[in-house]
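Thanks for coming. I will take one structure and go through it piece by piece.

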Amino acid sequence: MSDAGFFLDVRDISGNYTIRPFFRSLVTLQGVQKDLNRNCTASLDYPYKCFFPQHALPYIRSPYFILNSAYDVYQFHHIFVPPSADPDGHWNHCKSNPAACTANQIAILQGFRSEMLMALRLFGGSSNGGMFINSCFAHCQSELQDTWFASNSPRLHDKTIAEVVGDWYFERKVAKEIDCPYPCDHTCQNLIPSSQAYE
């Protein structure tokens, strides 16, 4: 199970692929290119891209569960709207409080959500994969009881994350839940760490 690990290979709001140099350096530093799926690396112009889940996912054959927010806070703050793409801080209020986002910013965030759903489209048809993609502003939702399996945990179709993971793990039923776009989900606990909040 991957919790908040579905890092997208997307352009930031300024049109740059801010995260690519980081992933390329990470693959080089750790010397993992030789361990990346050979079918994946042969299919891409730059083999390091297979470190991105959206490029590696079509080649995964083992059972796999993806738990992610369509508005992952870490990706939102560091990949999609990194400080380098917003030097004047026009996104600062939106980053610290999604309710403070302008209509234009929400439209741009919906584009980010669409990119994630597009990257997951092939996985949606897999017989051994499961997913819980909600519209909460969070990063990592399995580590806290409050988001995993509490009475006020985020829910999709009236099921907590733990229940959907259980349905997948124990093969009780197809476990592929995708939330409606923000701000429709009223079960969300928007978990924006104070170190990532902006004044």
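**Sheet, helices, pockets**

Let me begin with a pair of strands: strand E2, residues 64-69, and strand E3, residues 129-134, run parallel and are joined by six bridges. Ser69 has Asn134 in E3 as its bridge partner. Please keep in mind throughout that this is a predicted model.

Now the sheet as a whole. In what order do the four strands of the open sheet come? The order is E1-E2-E3-E6, and the pairing is parallel. At the edges are strand E1, residues 2-3, and strand E6, residues 176-178, each of which pairs on one side only.

In the loop between E1 and helix H1, which covers 19-30, we find Ala4. Ala4 is not a glycine, yet its phi is positive, at about 65 degrees. The other detail is in the segment after E6, where Pro183 is placed. The peptide bond that leads from Tyr182 to Pro183 is cis, and its omega is near 15 degrees.

Next, a helix pair. In general, two packed helices are described by the angle between their axes and the distance between those axes. Here the helices are H4, residues 73-80, and H6, residues 103-120; their axes come within 12 Å and cross at roughly 110 degrees. An angle of 65 to 115 degrees counts as roughly perpendicular, and therefore H4 and H6 are roughly perpendicular to each other.

Which residues meet where H4 and H6 are in contact? From H4 there are Gln75, Phe76 and Phe80, and from H6 there are Ile108, Leu109, Phe112 and Met116. Sorted by class, this contact has six nonpolar residues, one polar residue and no charged ones.

H6 comes up again in the pockets. The largest pocket holds about 240 Å³ of space. Helix H3, residues 53-56, and H6 each supply at least two residues of its lining. That lining has 15 residues, and those nearest the centre of the pocket are Gln54, Leu57, Pro58, Ala119 and Leu122. By class, the lining of the largest pocket divides into eight nonpolar, five polar and two charged residues.

The second largest pocket has about 190 Å³ of space. Of the 13 residues lining this second largest pocket, Ser127, Asn128, Gly129, Trp168 and Glu171 are the closest to its centre. Which helix gives the most to the lining of the second largest pocket? That is helix H8, residues 161-169, with three residues. The classes in the lining of the second largest pocket are five nonpolar, four polar and four charged.

Methods:
Residues are numbered from 1 along each chain as its sequence is written. This is a predicted model: local features need pLDDT of at least 70, side-chain atom pairs count only at pLDDT 80 or more; totals for chains, interfaces and linings use all residues. Side-chain values use heavy atoms; hydrogens and water are left out. Axes are lines fitted to C-alpha atoms, for helices over the stretch in contact, and angles run from 0 to 180 degrees between N-to-C directions. Angles under 35 degrees count as roughly parallel, over 145 as roughly antiparallel, 65 to 115 as roughly perpendicular and the rest as oblique. Contact means heavy atoms within 4.5 Å. Ala, Val, Leu, Ile, Met, Phe, Trp, Tyr, Cys and Pro count as nonpolar, Asp, Glu, Lys and Arg as charged, and the others, Gly among them, as polar. Two strands pair if DSSP finds at least two bridges between them. On a 1 Å grid over the protein atoms alone, a cavity is a set of points where a 1.4 Å probe fits but cannot get out, and a pocket is an open set with protein on both sides within 12 Å along at least five of seven lines; lining residues have an atom within 4 Å of a point. Grid points are joined across faces, edges and corners, and a volume is the space filled by probe spheres set on the points.
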